[in-house]
Amino acid sequence: MTNTKITIIGLGYVGLPLAVEFAKKYPVVGFDIAKWRIDELSNGHDRTMELSDVQLTEAIKNGMKFSLNIDDIKESNIYIITVPTPIDKYKKPDLTPLIKASETVGKVLKKDDIVIYESTVYPGCTEEDCVPVLEKFSGLKFNKDFYCGYSPERINPGDKEHTVSKILKVTSGSTPDIAIKVDNLYKSIITAGTHLAPTIKVAEAAKVIENSQRDINIAFVNELSLIFDKMGIDTNSVLEAAGTKWNFLKFKPGLVGGHCIGVDPYYLTYKAESLGYHPEVILAGRRINDNMGIFVANKVIKLMIQKGHKIEGSRVLILGITFKENCP
């Protein structure tokens with residue numbers, strides 16, 4: 001793709017590795033609203049530990065730029081948005097970062113520019129929620145003056161083997177021609193290859209069910225552990241025995257946390273409920289996994305009582321406070 005200039009909006013554990021990978025082939029500006037983040041990246045350090053200081057310094061030497069100044073992204077013609085999509089205290093989607101990022105891009109959007117979203121959302125969010133914001137702040141018309149794509153992030157935080165270029169990428173575009181352009185853009189850096197989805201909504205749905213499926217599978221073995229605990233049966237021994245069958249899915253019970261698995265299912269259920277359908281399996285899985293922390297805490301207290309320890313005033317050591325290893 002000739003004359004391609006890229007801006008990555010949001011420089012967390014998703015946006016930064018993507019920006020550095022693109023910077024090996026294209027002019028790239030990494031944009032973030034947090035000054036402290038821009039300062040530390042400009043000095044060659046990534047606190048998320050997704051990139052080493054050596055990798056970051058090398059990218060800067062090769063022309064990678066970091067900025068919080070909107071004037072520095074006006075020359076780009078590809079904008080890739082990789083901001084968080086959290087939930088609020090009522091477990092409803094909080095699109096604030098996504099909408100604010102769309103407003104920023106809308107202010108600099110030009111004719112024929114392409115805006116690609118990577119943030120996890122419910123099906124329809126890109127075209128129904130983000131596009132109107134882009135139109136409002138740019139004064140341009142969607143699929144006439146500017147275009148959109150969706151390519152969901154699949155970063156596995158802390159994983160130094162399955163890095164961004166080695167993870168197959170799902171791509172999509174708002175028109176058939178734009179879909180091919182978006183696909184070719186990612187093909188230029190993703191050695192694992194790409195999968196071109198027929199529509200943006202299909203790509204959005206594919207992403208949100210990836211983590212929802214994992215959440216449900218974990219919830220199943222968590223429920224088994226609750227049942228077997230009452231029976232006095234060791235759950236791990238049961239799973240080990242059942243796992244000798246070739247088609248048994250090997251999931252283990254435990255706590256579900258992090259940025260994705262405990263959040264993404266609520267995006268899908270929110271959209272389903274807005275259409276008049278009440279999901280049962282997905283929400284049941286969320287309830288089970290959300291309550292496992294209480295179950296573990298109660299088990300610990302009961303064991304302490306059995307051992308004769310006084311509960312009040314006791315001190316607890318938690319080993320592994322992050323949601324997974326090597327993730328700050």
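Predicted model: local features only at pLDDT ≥ 70, side-chain atom pairs only at ≥ 80, totals over all residues.

Guide: Residues are numbered from 1 along each chain as its sequence is written, and side-chain values use heavy atoms, with hydrogens and water left out.

Eight of the eleven residues of α9 are buried, so α9 is largely enclosed by the rest of the structure. Buried here means under 20% relative accessible area, exposed means over 50%, and partly exposed is what lies in between, with a 1.4 Å probe and protein chains only. The buried residues of α9 are D264, P265, Y266, Y267, L268, T269, K271 and A272, and what covers them includes α5, α7 and α10. Just after α9, G276 takes a positive phi of about 90 degrees.

Among these covering helices, α10 has buried residues of its own, namely I282, L283, G285, R286, I288 and N289. These pack against α7, α9 (264-274) and α11 (292-306), where contact means heavy atoms within 4.5 Å.

Helix α7 (residues 200-231) packs against α10 (residues 281-290) at an angle of about 55 degrees, with the two axes 8 Å apart. Such axes are lines fitted to C-alpha atoms, for helices over the stretch in contact, and the angles run from 0 to 180 degrees between N-to-C directions. That angle makes α7 oblique to α10, since angles under 35 degrees count as roughly parallel, over 145 as roughly antiparallel, 65 to 115 as roughly perpendicular and the rest as oblique. The crossing of α7 past α10 is left-handed, a term used if the near helix is turned anticlockwise from the far one by less than a right angle, with right-handed used if clockwise. On the α7 side the contact is made by D215, I216, I218, A219, N222 and E223, and on the α10 side by V281, I282, G285, R286, I288 and N289. Sorted by class, this contact of α7 with α10 has six nonpolar, three polar and three charged residues; Ala, Val, Leu, Ile, Met, Phe, Trp, Tyr, Cys and Pro count as nonpolar, Asp, Glu, Lys and Arg as charged, and the others, Gly among them, as polar.

Helix α7 also packs against α5, here at an angle of about 110 degrees and with axes 9 Å apart, and that makes α5 roughly perpendicular to α7. In this contact C125, T126, E127 and E128 of α5 meet I200, K201 and E204 of α7, and the classes are two nonpolar, one polar and four charged residues. Also in helix α7 lies A206, which counts as partly exposed at 25% relative accessibility. The C-alpha atoms of A206 and P123 are separated by 8.8 Å, although these residues are 83 apart along the chain.

From α5 one can go on to the sheet. The loop between α5 (125-138) and β6 holds N143, a residue with a positive phi of about 65 degrees although it is not a glycine. N143 is partly exposed, with a relative accessible area of 31%. Both faces of β6 are covered, with Y147 and G149 on one side and C148 and Y150 on the other, all of them buried. Strand β6 runs parallel to β5, to which four bridges join it, and Y117 stands opposite Y150; two strands count as paired if DSSP finds at least two bridges between them. The sheet as a whole is open and has six strands in the order β3-β2-β1-β4-β5-β6, with parallel pairing. Its edge strands are β3 (65-67) and β6 (147-150), each of which pairs on one side only.

Methods
Helix = DSSP H or I, 4+ residues; strand = E, 2+ residues; numbered from the N terminus.
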